[in-house]
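This briefing covers a helix pair, a sheet and a loop residue. Please consult the sequence and structure shown below.

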Amino acid sequence: MRGSPLFRLRFGFVVIAMVLSIFGARLVQLQGVDPKAYAAMAAAEGMVEVTLPATRGDILDRNGKPLAESIDGLMVVADPLLTADRAPELAKFLANRLDVDYFTILPRLREEGSRFEYIARRVPSTQATEVVAEAEEAGFEGLDTRQDQVRDYPAGDVAANMVGFVGTDEALGGFERTFDARLAGEDGRARYAVGGGNRIPLGESTIDQPADGADLRTTLDLDLQWYAQRVLRQTVEDARADSGFAVVMHTETGEIMALADHPTFDASDPLQSPEADLGSRAMSDVYEPGSVEKALTLSALIDAGKVTPRTRIVVPPELRRDGRVIGDWFPHGQIRLTLAGVLAKSSNIGTVRAADRFSRGQLRGYLERFGLGRRTDIGVRGETPGILPAPSLWTGLVQDRVAFGQSVSVNAVQMAAAINTVANDGLRVDPSLIMGSARTDEGTVVGTDTTRTRRVIGARAAHQTALMMERVVDPEVGVAPGAAVPGYRVAGKTGTAQRVGAGCACYDGTFTVSFAGFAPADDPQFTIYVVVQNPRNGGGGGSVAGPAFSKIMSFALRRYQVPPTGTRPSNLPVEW
């Protein structure tokens with residue numbers, strides 16, 4: 001009977017019924033009794049959520065050369081389920097091989113209920129792979145790597161003060177910080193099932209793809225920036241000065257093609273430099289421009305119809321005004337200078353006597369239109385607005401001092417843009433550092449697309465001022481023959497100003513020396529402004545900053561193949 005086909009059939013049905021009963025009971029338990037608890041347990045045991053890093057946008061020079069870019073890298077991650085038992089040993093192992101802190105990663109290696117923890121971000125691929133391999137050889141389990149790009153600065157210190165740098169989890173300076181939202185993009189997320197420490201190929205998974213960041217193209221020329229920085233460094237070191245900066249601006253467009261600072265830093269290793277060197281002194285230093293200001297004062301006088309380059313001025317040995325004595329940088333008796341001569345010889349007394357022709361408030365109005373007293377808003381954090389005395393403080397004595405560059409303060413780009421106004425036929429063009437347009441993290445849209453121009457002085461006044469400025473570099477009558485560029489007509493102005501000490505809020509015996517100019521003088525292509533703080537070699541604007549201007553201008557003219565105009569230089573009389 002037991003071996004009969006009927007018995008075997010009945011026995012098979014019984015076994016199948018028992019198995020189905022077991023599955024049915026389990027299904028009731030999962031779906032009917034406590035489905036949420038079991039689902040949570042499954043998720044806790046077998047689901048991992050990870051970040052999918054967005055690719056950070058590149059920062060480029062005007063020709064598309066990278067100043068900052070993202071290259072392949074890895075993150076080191078841990079599965080605490082596998083690392084918890086030997087967490088102290090593993091934390092010590094990793095702290096000795098990666099840029100991580102023992103006490104920071106120890107709790108991550110022990111995190112209960114987690115299957116995924118970040119240990120180190122943005123690690124070079126070779127280093128991350130070697131560390132994980134060494135850990136496995138040492139018997140440690142639970143480490144792995146994921147894609148995580150590393151920020152690279154192929155130009156090193158070139159434009160570092162503008163470009164800035166990023167830390168492990170945030171942008172910390174320069175364009176990297178100012179345009180962080182644009183560059184960073186938005187990270188994605190992935191959630192997937194794991195088993196035995198590995199991803200289950202056909203398991204549950206969801207992916208939100210990252211949105212990569214956008215590139216940022218600047219107006220800087222990498223090669224010109226490199227050269228300007230090297231010239232500036234040599235100039236500062238030779239003068240035994242504290243610091244210096246240089247601005248190269250395209251005359252017609254206002255695009256800043258180089259903005260150099262010294263001292264600077266290597267963007268790939270910023271922590272090796274003092275904090276004071278990590279920003280841009282060209283934008284944050286506030287200082288008196290000295291005699292470079294005279295070019296603005298005298299151009300305004302010409303535009304107002306008060307004088308001409310040939311106006312005759314008697315210059316006494318000293319000038320007493322409101323109980324104060326105004327003197328010149330050079331000793332002299334009574335001399336007779338034309339307005340061109342006042343500029344060529346850089347006479348404070350002659351400038352003040354000429355400025356007496358201004359109507360009340362007229363000089364201040366011109367300087368405001370030149371852009372003094374307010375930020376340029378070109379996209380650099382920490383920019384100073386400078387200081388232009390308010391109308392209520394504008395006394396006769398203040399005007400005397402402002403006329404030759406004291407009692408007024410600027411930043412380097414402000415002053416370069418003001419001198420560029422003279423070069424650009426009297427039209428002030430907003431300076432810019434970004435090609436096209438880009439929104440800062442503060443919401444301001446900046447760039448060449450937002451550039452505006454406004455008339456400050458007439459084209460005739462600008463041309464006459466340029467002719468006077470040419471006499472400054474004349475070897476026979478000027479104070480800055482070292483600023484000349486062989487074969488080209490150059491217009492410029494020196495500056496030597498007393499510096500205000502931070503401790504005493506008074507002139508402390510140190511000086512700011514500078515030179516600003518443009519070339520070719522009769523068809524300007526570039527405006528360059530060089531400033532050196534506290535030179536200790538006894539030099540002034542003509543002898544310290546002038547030669548640096550000449551070298552940078554020569555390089556720019558050659559690089560952009562600007563031919564000499566072939567015209568005769570200015571021969572305006574300087575005396576009468």
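**Helix packing**

Helix α12 (residues 293-303) packs against helix α17 (residues 412-423) at an angle of about 40°, and their axes are 10 Å apart. The model is predicted: local features require pLDDT of at least 70 and side-chain atom pairs pLDDT 80 or more, while totals for chains, interfaces and linings use all residues. Residues are numbered from 1 along each chain as its sequence is written, and side-chain values use heavy atoms, leaving out hydrogens and water.

- α12 is therefore oblique to α17 (angles under 35 degrees count as roughly parallel, over 145 as roughly antiparallel, 65 to 115 as roughly perpendicular and the rest as oblique).
- The contact (heavy atoms within 4.5 Å) involves E293, A295, L296 and S299 of α12, together with M415, A418, I419 and V422 of α17.
- By class, the contact of α12 with α17 comprises six nonpolar, one polar and one charged residues.

**Sheet**

- Four strands form an open sheet with mixed pairing, in the order β7-β3-β2-β13; strands pair if DSSP finds at least two bridges between them.
- β7 (150-152) and β13 (216-217) are the edge strands, each pairing on one side only.
- β3 (residues 66-71) pairs with β7 in the antiparallel sense over three bridges.
- E69 has D152 in β7 as its bridge partner.

**Loop residue D85**

- D85 is located in the loop between α3 (80-83) and α4 (87-95).
- D85 has a relative accessible area of 76% and is therefore exposed (buried means under 20%, exposed over 50%, partly exposed in between, with a 1.4 Å probe and protein chains only).
- The C-alpha atoms of D85 and L109 are 9.0 Å apart in space, with the two residues 24 residues apart in sequence.

Note on methods: Helix = DSSP H or I, 4+ residues; strand = E, 2+ residues; numbered from the N terminus. Axes fitted to C-alpha atoms, helices over the stretch in contact; angles between N-to-C directions. Nonpolar A, V, L, I, M, F, W, Y, C, P; charged D, E, K, R; others polar.
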